[in-house]
Amino acid sequence: MERNPAASAMEWSIELEKALRSKNPSLCVDAILRTGSRLEHWSREPEPTMAVYKIFGLVPGEDRLFANTILLRLADAFRLGGKHIKLAIVRIFLAEYRHRGKKKKIKENKGILSMAAAHNRIELLRRVKIVFDTGDAELRALALALFGCWADFANNSAQIRYLILSSLVSSDSLEVKASLFAAGCFSELSDDFSCIVLEMLVRMATSSETSSAVRLAGARVFAKIGCSYSVANRAYKTGLKLVSYSSEEDFLVTLLVSLTKLASKSTILISEQVDTLFSFLTREKTMRIKAAVLRCLHFIFIKRPCHFPVNADLIKALLSTLNEPEIPTFMQHEALKISHKILSYMPSHMPCLDMPEITKLLIIAEDSSQSPIMSKNFLFIQVLVDISIKLRGIREMESGLFGSSPLPSRVILLIIDQITLLVKQLLDLCQIDSPVFQGVHSLLNLLVLLVREYTDLGVLVLDKISLFTESVANVHDHVMATRRSDILFHEMDSKREKRTVIKSKLLHIVYRFVVAYLENLNEAHALSVIVFERVKLLVEVVCKCSSFDCYSCTIYSLLLHHRIFWGCLVKGSEESCSHNRDSINSYLVEKEIITLESASKMLKDGYYWPAYKAGTYAACQGDWFTSAFIFQHLITKVQSDICYCWLTSIFQLANSERKLHLLVLPIQGSTLADWLKKNEFPASFDLSEVRRDTAGNNKEPNYCEEFVGAYEGISSSGKTLEAAVRSGQEFCFQRWFLHVRAKLLRALVDILRILRTIPFNLDNISNNVKVERSILVECLKSLPEVIQVSLRFKKLAQEFDLIATSFIGLPTNGLTSCGLGNLENSLRVMLKQNLVGRLWHVDHEISRNLCQLFDVSGQLKMCFDLQCRNKILKVGCEEKDILSICSYAVYGIIGLQEVNEENNEDILSQVAKGGLQLLWSIIMKWIHIPYQTPRYFFKVRYAKEFPVLRNRFLLQHILIGNILLNYFVCVVLKDLQPFFF
């Protein structure tokens, strides 16, 4: 264990004693300075406990004894030593005092110079007083400085107080300045002393005989006067009067800073001080005074941001300083920094600037955008983004008053221009590790904030991003063409490699921006076909540029696989004619081919690690063709057994999910099969799942068989990982995830088998009571099996809830205690509670329809007490797909109930038929939701317990499976009970 200061106190004391006995002055000074740093460290340490004493074998109180010994030796050295030794001692105690001032909030530790710690304080003061009494003006100043540093225990000495007050009227300016420092230290601890000092300060400040240096030292004391509000308020009012009477610039600046520090200690004085500083910004003052005012405002905001008065006039005054000619850069930076902080605290409906003033500010920002000072340009853009967001709030409050404002679009152009300028400099300098990357990232974050409020400008943003991406490639090509003749080949090759790395980083930053931008548009319901076309154009720009690496091309092509576009395309195809659906089908094939081509090129060039990352990302996006192709190719490239098992397992997973994906896209599967064969892809990566009839046409797939194959593949994937386990902790989460996914598919297979045994297509049969009766009997025979599968889905949903809640608070099932006699009632109540409890915080309309659909009276009250832990606060594209199926199921059941109002066997047969068809439709809609692997699945590490995972993708499919079967069981139990219960 490292020795603390208490354990080292004796050693330090002996070392100091030896050094002070040396006749070499430099050795003494070095020892004193070294002791000073040790005292600072000691002051930061808490009081040692009995346990600490026992660990180091110390006697309680031993450390205090040696601490006082060190202080006494320093006091003796100050009394007996030469000038250099005295200066060194004053220097170390001044450093300790300043350090103590920064740590005043830590009340438990007051340092070794506190009243309780300095036991020999009388001796310390006596030895320093000897120097004051016998020395010249310079020595008296050093002694006064020590008295100020020791104010914690010296302020109770009447003699020392008298010495300080008497020195304030000395004829020597050095002694007066030292006494002012000591008086300020004492004033922080004593109100009566500070009152006397305040009166003397006023006389010194108003006297014509007082030198400028003394006046400035007196102005600094105002920051320390008063340890109570009454004295501080009196000192502040006195200082304001001196500010109004003073015309000396140096004194005015120093006094404004002191009054700012004094006002920051009291929430009542802050507002008045801000008004005072604001008045100096609006007057004709020098640049130095305005610069001091800006620093004071920034100081107050940093110290007391919650108590800082926020108003539009202050914003106008701050930004008006930017219009002044020849304003220094640091003042612009300070004014922008304060404006940004104030705007972040302003309510969205509060007006900040008028449109003419905003236009002037925008012009200044555009003129300043070519400045090499990146921080200032970034602050300009931050302020403009803040103002644009405020204007959005005002527009909503005042019915479109600022609806035609060109500010947001011009700010977008300013951001893109600034990014382009930064990237051009970056490519010219070929700096791989440059702060420019962080600057680009920050500017794009501001762009995300802006577009979140102005979603109608989404097309403009994508157009500019595409042009920026294209300019990155053009800048590179231009540089290579102009420098090929005068640069050595190896230097040119080195720069080419560096630029490739730089472009890859930039494209990755832009890619993350595009994803965040699209998610914002999706949440705001602002996605359109035009946005989709612009994203396609961006992907084409990246994929067609030869200077971009294959990894960038692959991940950009995966943008076209995003769930946002999937929902948009499916909805568009359902609402459009068959011709449009064919064009969408062609697009889906095209995007698969683009991604596969990029991945194939990356693998051929030997970029295996980027290919693996692209494969994992493809799996997370639901592009199972690309992920299966990449993982299968990488299996032959690994050498270790555990990596081989891992790649084999994830290939089996991707290949199984690919089979399910082909059920949704049979035509695309056929086209892809032809393309893969044409391009001589591996034979094992065929699409034999695409089945054709004798005429070569695609025929309807056997869903049950395909799901059985996917279930067996995912089960094999889990077994492959289990075979690689040695200690029982490898691939812990992955094995669990595959096991639950397999159980989900198995439950779905059972439902499909049940539906397959019932011939519910009765359109060609009319008035055949026997047939309808037999079909009804078959439906009722399958009902217990459907109920059992529904319960399995509910258990799986609870298992996923277990992950979402970190395995805390697993809800009870409630069925184990139910007997056969009340099975029907228990199922209905349990299922309805589960549905309403899950959807209540997501979609109130669906929940209200559920409440109206089932008359549960008092039983429904229990569902609101359920702790639903998979609440979705933001409804994105994934949740929209789920909610659309839920809404479809609810309205379908409502329609069946309306048909069943006549309550006879003929209608009952139609209800049974409609219910089965509804269940089949729900399953088909569910299958059409692309399945995506959670990102955590690919974070392979050892773990003794399952990690916390809150991922919506884990919940969506099992939740839908639970919901659709619950709907079906509820409607069957409710509508059929008059006949069979």
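Predicted model: local features only at pLDDT ≥ 70, side-chain atom pairs only at ≥ 80, totals over all residues.
Residues are numbered from 1 along each chain as its sequence is written, and side-chain values use heavy atoms, leaving out hydrogens and water.

So where does His 99 sit? You'll find His 99 in helix H5, residues 83-102; helices here are DSSP runs of H or I, at least four residues, numbered from the N terminus. Is His 99 buried or exposed? His 99 is buried, with a relative accessible area of 15%, because buried means under 20% relative accessible area, with a 1.4 Å probe and protein chains only, whereas exposed means over 50%.

Now, the core. A nonpolar core is a set of buried Ala, Val, Leu, Ile, Met, Phe, Trp, Tyr and Cys residues joined through side-chain atoms within 4.5 Å. The largest one has 260 residues, and Phe 93, Trp 150 and Leu 297 have the most contacts inside it. Helix H34, residues 732-756, gives the most to this core, with 15 residues.

Take Leu 297: beyond its neighbours within four places in sequence, its contacts include Val 274, Phe 308 and Ile 338. There is also a second, separate core of six residues, among them Ala 6, Val 52, Phe 56 and Leu 58.

How values were computed:
Helix = DSSP H or I, 4+ residues; strand = E, 2+ residues; numbered from the N terminus. Contact = heavy atoms within 4.5 Å.
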